[in-house]
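Hello,

Please find the structure below. My notes on it follow.

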Amino acid sequence: MNVATLAKLARSRQVPLLASLARGLVTPVYRASFLAAASGNGVLRRLAVRPCDLDTLANALDVREDRDVLRAWLDIGVRLGELGFDDGCYKLRGRAAKALGRPRNDAIAAALEEVTRFHLPVLLEAPAIARGGKRLTLRDQDGAVIARSTQVIRPFVEEAVDLVVERHEPRRLLEVGCGSGVYARHAALLNPRLTALAIDLQDDVAADAAANMAAWGLADRVEVRRADVRDLDMEPVFDLVTMHNNIYYFPTDERVKVLERVRSLLAPGGRLLLTTPCRGGPVGMEVLDLWFSCADFGGPLPDAAELVDQLRSAGFTGVRERRLIPGGEFRAFVGTHRDPEHGTDVEELI
Amino acid sequence: MSTPTSAAHATATANRELVVLGAGEPPPAELLGGKALRLDELLRAGLPVPPAFCLTTDLFERFLKETGLDARITGTAPAELREKIMATDIPASVAGAVLDAYGDLGRPRVAVRSSATAEDSESHSFAGQHDTVLDVAGDAALLDAVKVCWASLWTDRAAAYRDAAHAGSIAVVVQQMVHADTGGVLFTRDPVSGRDDRFVVEGCWGLGEGLVAGKVTSDFFLLDPDGPQVVDQQIRYKVTKCAPVVPGTVGLVKVDAAARNVPCLTPDQLADLAALAVRVRDHYGAEQDIEWAMRDGTPYLLQSRPITTTPVRDRRTSPYVEPQPDAIRTGTLWSRMDIGEIFTGVMSPLGQSFAQYYQHNVHRGCALSTGVRDPGDMSLHMGYLQGHVYLNISYTSYLLGQCLPTRDQSRFTSRFASEEVDLDTYENPFGTWPGGPREEAQAAAFWLKTSITELRTMKKRARRMVRSRFYEFDRAQGIDLTRLDRPELNAELKRRLAYFNDMHIGYMPYYMNAFGFYGVLEALCGAWLGQEGASLRNRIKTDMSSLRTVESAREIWALAQVARRDPRVMEIIRAGSAHDVSTRLRADESGRAFWDGHMVPFLRENGTRGHQEMELTHPRWIDDPSYVFQMIRRYAEEGFSIDEVLDRAHDPREDEAAQALSRLPAPKRRTIEKVMSLYETCSRLRELTRMSMITSIWLVRRVVYEVGRRLVEAGVLRSLDEVADLDFADVLEYLSGDRDPRRVFSRAKLEEARRTFRAYARLPEPPLSFVGEWDVTRAVRPAPDGVRLEGLGASPGRIVGRARIIEDLVWQADEFQVGEVLVTRFTDASWTPLFAIAGAVVTDIGSMLSHSSIVSREFRVPSVVNSKHATQMIKTGDLVMVDGDRGVVEVVETDERKNG
């Protein structure tokens with residue numbers, strides 16, 4: 001390179017910008033993408049157990065031909081400082097890699113996968129979709145990843161479930177959008193006489209949940225079915241319906257109808273528990289909101305006040321709403337399907 | 001052109017297609033089917049069978065061929081075949097032949113019955129699986145009835161038990177209808193003892209069909225055919241009979257009041273029947289099961305078939321289900337005295353099997369909840385004899401030895417022992433609760449802990465139980481069970497049984513504690529107050545308005561007041577049969593308003609009541625509100641105020657008792673008052689939560705009847721009446737899997753259950769309590785000369801009034817006149833509205849704390865319970881004196897109208 005070229009570059013001021021971008025933006029994106037991929041394909045989990053050589057990893061990932069590509073990908077991990085290479089074996093090196101490799105951080109790992117695989121594309125494609133490009137579909141989501149990532153908020157959802165599940169009486173629960181089935185399981189463990197029907201829109205998710213129930217020894221109490229609540233033609237046998245993190249899978253103008261359908265499945269006096277992130281939360285939630293705005297199904301995250309109104313329009317009474325995370329926008333809504341004359345004065349005799 | 005040959009041929013053809021039974025050459029058996037063949041044989045033997053002709057299987061085949069239906073049988077569903085037959089006109093030539101034969105018979109009213117070729121063969125019991133149309137009049141109706149019978153070859157129920165490809169063929173009998181005064185059956189062998197030197201006759205007023213279907217009450221006669229003479233008889237109070245309502249429709253109607261208590265057959269008529277039965281038996285050389293009818297004193301035989309069942313070989317005399325050591329078997333005290341209000345009288349196979357479900361799944365929790373630490377072996381707690389459910393008093397009192405108040409067995413034992421039992425010679429074969437010091441301490445600690453917790457939580461639990469009953473009721477009302485698939489229905493039954501479990505366990509402590517506190521009160525009053533204490537404890541008053549059972553009378557009264565304000569509504573309620581009032585109300589504008597505004601809320605509060613609620617076959621008010629309408633009729637007519645009834649004259653002896661109490665030193669007085677208040681609280685909560693318990697039984701009943709409906713649809717049951725014959729365990733099994741219902745519910749088992757049940761129902765009732773075993777053949781019948789009955793004075797006061805025996809509450813409620821003495825076997829909550837207008841109440845069964853006693857005290861109606869035989873000894877119309885203080889009932893004057 002000659003001096004003139006150097007001078008030209010210096011004058012354009014692109015070099016410092018490039019350097020700053022590389023430090024502050026590009027490398028983090030590379031690292032995030034690499035970690036998301038390494039988490040998703042199980043490399044982090046494997047290396048957390050013990051260092052492995054290329055052949056072992058190739059076999060594990062079922063890579064037969066292009067071992068060189070795999071090597072190149074792993075070496076980038078080394079360059080990013082997340083992996084180390086020692087004595088012919090790859091190992092975990094970075095703090096993030098080590099943390100994400102631990103099974104108990106699976107939900108965080110899944111959240112990272114969600115960001116890179118769903119949030120990034122929608123940030124790139126939203127304007128094109130707005131111009132009339134092909135909208136996102138349910139297939140653009142990986143149900144398994146979503147199910148894992150929502151584990152982050154699991155303690156908060158479980159707390160909400162604790163508040164509505166009766167502990168002793170025989171009860172029947174309908175869980176709409178059951179995901180992996182953890183919340184149905186939580187309810188079933190709270191009340192050993194509870195039986196449930198858990199449904200999910202996606203075949204594979206429902207199949208996994210059914211397998212989970214069998215593994216947990218709950219198959220005789222929790223039935224899992226692939227079904228759309230909008231088509232669920234059943235008698236009002238349920239005492240409780242739960243909908244965790246899926247109201248935004250329904251377009252805004254359909255929500256009242258969905259909630260009415262849910263109410264029609266409830267016994268008089270039965271309750272609905274709905275948990276969902278609402279608008280106004282952290283930027284990640286806004287991106288999720290954007291994703292649903294770009295999809296050919298679902299709709300934006302609900303506005304808390306608007307959702308309360310929708311529950312009332314759907315005929316629920318005694319609608320209550322509470323924040324599950326202090327200061328956050330993750331909320332629980334409870335409504336009762338109650339006949340107007342449900343009260344009784346017999347109790348007063350006691 | 002007709003030649004002699006073709007004419008002869010035509011006659012031969014005609015003979016093969018239409019046969020006058022008992023005339024001409026005996027026709028080939030295969031043309032007639034089982035029923036027609038036997039009628040033909042009986043007629044040929046010169047026996048009095050009403051004239052009949054038979055449409056043979058050949059005629060049926062010709063019908064199929066000429067209408068082209070024969071080509072479409074294979075591969076068509078039975079239901080569709082039936083519809084096709086009903087929709088097809090009978091070709092003119094076939095119809096003409098039938099109507100000619102009908103003309104030859106004189107065109108009387110006829111009974112049209114199918115007679116299938118596969119019926120009654122050795123290995124299949126198809127009896128009754130094909131249809132019968134009674135009281136048919138006129139050509140068109142006859143042809144329709146014939147089609148109904150033909151179509152019945154392919155009813156689901158017939159097809160369900162037979163290889164569909166071998167449906168066989170079907171003949172039809174058209175027989176002159178006998179409008180029987182009395183009808184019934186005769187067995188030439190006693191089905192219970194197996195003795196063939198005894199004939200058993202069951203008879204009822206009206207058509208025998210009512211008896212065969214188990215719908216009406218019947219009289220029972222045991223005959224020695226050698227006399228012939230009547231060896232034993234049971235004359236029952238017969239309220240309803242089966243008879244033509246309008247031509248072509250047979251239904252239940254009331255028996256004239258004068259005929260209800262009278263034997264439906266005279267000794268001469270019985271002798272005539274026995275003589276006929278001997279001829280039939282000798283003709284066939286086999287024991288027979290004969291259907292007969294009596295019209296104007298003349299007997300007719302309607303059917304006879306060989307008795308195919310083997311006699312019951314070892315007739316059980318002990319309620320124990322499993323074999324027991326001799327000392328236990330012969331020394332156990334059994335009683336159905338107080339459990340008699342929920343497990344009453346003879347129970348259907350379904351009711352009994354449900355009682356067994358209770359015993360093995362729920363009773364344990366009930367024992368624990370009352371403070372019994374070790375509930376023992378559940379299989380010993382209850383026993384079953386002759387269709388009656390017994391509580392094992394010996395074993396229960398042995399286990400109750402673990403609880404402080406019942407450590408001394410005698411109080412519990414004497415409460416459940418009726419006068420047949422000599423307690424002086426009774427010794428509990430289980431002994432007393434053994435327990436070394438350690439066990440005793442543990443048991444006492446458990447009882448104490450349970451009792452303290454109970455006193456602390458009893459109101460809270462009662463509130464929860466009341467709230468849950470409305471929740472479960474509303475929920476159940478919103479569910480259309482017919483739309484649930486089998487797994488969903490199973491989930492529903494499981495849930496309801498879980499609720500059933502909770503409500504029984506929740507109820508039991510109130511029951512036991514009311515018993516316990518009453519005992520303490522009894523002891524304290526005896527010790528401190530002497531004579532006056534005895535009357536005090538019987539006069540414990542609880543707040544009227546708080547007693548749920550009494551409240552239901554008040555609510556029916558309120559309902560009657562509302563109805564009275566609208567003449568149109570009252571007109572509908574008063575008109576015609578009470579059974580279809582609800583339908584007519586809902587079809588009318590004002591009626592609809594009354595229904596929605598008043599009946600629906602009333603039924604929500606009270607609708608799950610019925611009588612003998614553990615008996616699942618009994619409909620509840622909400623299932624059949626006719627009793628409610630009967631009471632509305634009664635209350636509206638009398639124009640009295642329920643509040644007046646409740647505020648009956650003040651009893652001066654109450655003041656004496658109160659004064660005696662006030663003379664006691666303060667600590668003693670306060671103790672008695674405290675115990676009284678606890679007793680009152682427990683009784684009140686017991687009444688309140690009883691409704692929750694009753695509701696839980698109704699919830700289960702709903703699912704069982706939905707299963708029944710499906711079984712009828714699948715052809716496993718002939719009608720919903722047969723739900724009574726189901727085994728509850730089979731219902732559970734059917735719902736919990738996907739097994740073919742025909743395999744789960746064996747037809748043989750159903751029929752066996754029905755036969756056994758019907759045999760029990762005609763036997764003398766086993767006693768309310770007894771020690772060891774009870775043998776029906778050695779049962780002593782009460783002496784008829786003593787018109788003085790001693791029982792328990794359950795509610796004080798003396799009154800003289802005309803007796804009215806109430807056998808069937810629903811059918812008779814509107815006959816009851818204000819001030820009459822209500823005489824019945826037992827009462828339960830559903831009877832309360834009658835108490836409000838009764839002069840006195842007398843029951844066969846009951847104790848001081850049974851429902852009738854509590855409620856009669858509330859209404860201040862003199863009452864004697866546990867009179868044992870009142871319903872047998874007293875007749876409707878007799879003038880009786882009821883002395884509630886001494887527990888005596890005397891007939892002062894028999895009703896001359898009947899005896900003269």
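**A buried strand residue**

Phe221(B) counts as buried because its relative accessibility is 0%. Buried here means under 20% relative accessible area, exposed over 50%, and partly exposed in between, with a 1.4 Å probe and protein chains only. This is a predicted model: local features need pLDDT of at least 70, side-chain atom pairs count only at pLDDT 80 or more, and totals for chains, interfaces and linings use all residues. Residues are numbered from 1 along each chain as its sequence is written, chains are lettered from A and ligands numbered from 1 in the order in which they are written, and side-chain values use heavy atoms, leaving out hydrogens and water.

Phe221(B) sits in strand β8 of chain B, residues 219-224. Helices (H or I, at least four residues) and strands (E, at least two) are DSSP runs, numbered from the N terminus. Asp232(B) is eleven residues along the chain from Phe221(B), with 5.9 Å between their C-alpha atoms. Asp232(B) is also among the contacts of Phe221(B), neighbours within four places in sequence aside. Others include Phe199(B), Val201(B), Ile235(B), Pro263(B) and Leu270(B). Contact means heavy atoms within 4.5 Å.

**An enclosed helix**

Helix α32 of chain B spans residues 851-859. Nine of its nine residues are buried, so the rest of the structure largely encloses it. Among them are Arg857(B) and Glu858(B).

**Cores**

The largest nonpolar core has 190 residues. Such a core is a set of buried Ala, Val, Leu, Ile, Met, Phe, Trp, Tyr and Cys residues joined through side-chain atoms within 4.5 Å. The residues with the most contacts inside it are Met243(A), Leu259(A), Leu272(A), Phe354(B) and Ile632(B). A second, separate core has 33 residues, including Leu18(B) and Cys149(B).

**Chain A**

Chain A has 14 helices and nine strands. Its C-alpha atoms fill a box of roughly 100 × 45 × 35 Å along the principal axes. Of its 350 residues, 47% are buried. Take the contacts between residues at least 6 apart in sequence: 70% of these join residues at least 24 apart.

An unreviewed UniProt entry places "domain: Methyltransferase type" at residues 174-272 of chain A. UniProt positions follow the numbering used here, feature names are shortened, and annotations may be inferred rather than shown by experiment. Over residues 174-272, chain A is 35% helix and 29% strand. The end C-alpha atoms of that stretch are 9 Å apart.

Best wishes
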